[in-house]
Amino acid sequence: MGNNMFVFPVRVYYEDTDAGGVVYHSRYLNFMERARTEWLRASGFTQSTLTQQEQVLFVVHSMQLQFKKPARLDDELEVFSQLMEMGRGSFSCRQHIMRDDTVLIEAQVKVACVDADSFKPTGIPARIKIALESS
């Protein structure tokens, strides 16, 4: 586990920044969310597939962030996502955002699987586990 890394490119737009051209801290969460969504898509699962075919949703349970350096307007960033631990009803991943060789933010994210109707915790379907572990 944790060998493979999914990489998702992000460009910083004006809407992501404050008056000084620095990225709002909350925008990094959006960038990481997009990366996790695309990681699932690359593993064969869109959000609509999860809800309609698997009857599950993935929700962020907890997140630990370390802000290292700011990103700025027009920066080209890369969001790296890596599976760290797979549980019965949740998984943990490490994400970090880089500009060239500079780490801007590091995050540890725990994602829980819930029933799409009741929002109660449920097990991650086996085929999703297999896909994520091999992606």
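Visitor: What radius of gyration would a compact globule with 135 residues have, and what does the protein have?

Guide: This is a predicted model, in which local features need pLDDT of at least 70, side-chain atom pairs count only at pLDDT 80 or more, and totals for chains, interfaces and linings use all residues. Residues are numbered from 1 along each chain as its sequence is written, and side-chain values use heavy atoms, with hydrogens and water left out. The radius of gyration is taken over C-alpha atoms, and the globule rule is 2.2 Å times the number of residues to the power 0.38. For 135 residues a compact globule would be near 14 Å, and the protein, at 15 Å, agrees. Its C-alpha atoms fill a box of roughly 45 × 30 × 25 Å along the principal axes.

Visitor: Which pattern does the protein follow along the sequence?

Guide: Helices (H or I, at least four residues) and strands (E, at least two) are DSSP runs, numbered from the N terminus. The protein has three helices and five strands, in the pattern β-α-α-β-β-β-β-α.

Visitor: Is Ser90 buried or exposed?

Guide: Buried means under 20% relative accessible area, exposed over 50%, and partly exposed in between (1.4 Å probe, protein chains only). Ser90 has a relative accessible area of 17%, so this residue is buried. Of the 135 residues of the protein, 41% count as buried.

Visitor: Where is Ser90 placed, and which residues is Ser90 in contact with, leaving aside neighbours within four places in sequence?

Guide: Contact means heavy atoms within 4.5 Å. Ser90 lies in strand β4 (residues 90–99); beyond those sequence neighbours, Ser90 is in contact with Lys110, Val111, Ala112 and Ile124.
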